[in-house]
Amino acid sequence: MVRHLLVPGRGIPRPEHWQRRWADAHPEYRWAPYPPGPPYTVQERVAALHEAVMADTTPAVLIAHSAGCITAVTWAAHHVGPVRAALLVTPPYIDPLWSPGPDRPSDSVFGTVPRWPLPFRTVLVASRTDPYTTFAQFEQYAADWGAELYDAGDAGHLETADGYGPWPDGERLVAALG
């Protein structure tokens, strides 16, 4: 038995987005948190994820997209809980010296993105054409987090605008995680 927690990115996924489709197709999947939309405040997102993880002792598989990946790895750096595995889909590269600019003054990431092995099996999905992260940066994240790297090819940011509504490869990856 395993439960699935969907960890959203910064925005609110459109109805066509693969995460939203999975939530609709699998009523047992839970949002952690329900997509609040911007601003992205990592402290709030990590607290919501922690609450969802600790709500049950059944092992969880985290399914994170974009900034949700930052939420998941930050949670793992500060908490423990019944997490079996994680699928981290196109995490944005955040430079250690980054601070929010005038276009996103409310977004916050405390400290730097954790860069050590995660305590559970992790698959990082990388795109060769992601506008937020180079393939080399995905490779470095995977090495730092002890994650298996899945090369999705020219997939953009794996979002609705890039043609990802249905994403059967992602469903297969989740199934393999437990």
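Helix 3 is mostly covered, with 10 of its 12 residues buried; buried here means under 20% relative accessible area, against over 50% for exposed and anything in between for partly exposed (1.4 Å probe, protein chains only). Helices (H or I, at least four residues) and strands (E, at least two) are DSSP runs, numbered from the N terminus. The structure is a predicted model, in which local features need pLDDT of at least 70 and side-chain atom pairs count only at pLDDT 80 or more, while totals for chains, interfaces and linings use all residues. Residues are numbered from 1 along each chain as its sequence is written, and side-chain values use heavy atoms, with hydrogens and water left out.

Back to helix 3. Its buried residues include C69, I70, V73 and W75, and the buried residues pack against strand 1, helix 2, strand 3, strand 4 and helix 4. The length of helix 3 works out too: at 1.5 Å a residue its 12 residues should span 16 Å, and the end C-alpha atoms are 17 Å apart, which agrees. That expected span is 1.5 Å times one less than the number of residues.

Next comes the nonpolar core, meaning a set of buried Ala, Val, Leu, Ile, Met, Phe, Trp, Tyr and Cys residues joined through side-chain atoms within 4.5 Å. The largest one has 34 residues, and L62, W75, L88, F120, L124 and W145 touch the most other members. At least two residues each come from strand 1 (3-7), helix 2 (42-54), strand 3 (60-65), helix 3 (67-78), strand 4 (83-89), strand 5 (121-126) and helix 4 (135-145). Helix 3 gives the largest share, seven residues. A second, separate core has 21 residues, among them L6, A85, Y164 and L177.

Setting aside neighbours within four places in sequence, L62 is in contact (heavy atoms within 4.5 Å) with residues including L5, L49, A72, V83 and F120.

Helix 4 has its own buried set: F135, F138, Y141, A142, D144 and W145. These buried residues pack against helix 3, strand 4, strand 5 and strand 6 (148-151).

V2 counts as buried, at 17% relative accessibility. Apart from neighbours within four places in sequence, V2 is in contact with T58, P59, A60, V61, R84 and G178. V2 and G178 are 176 residues apart in sequence, yet 6.8 Å apart in space, C-alpha to C-alpha.
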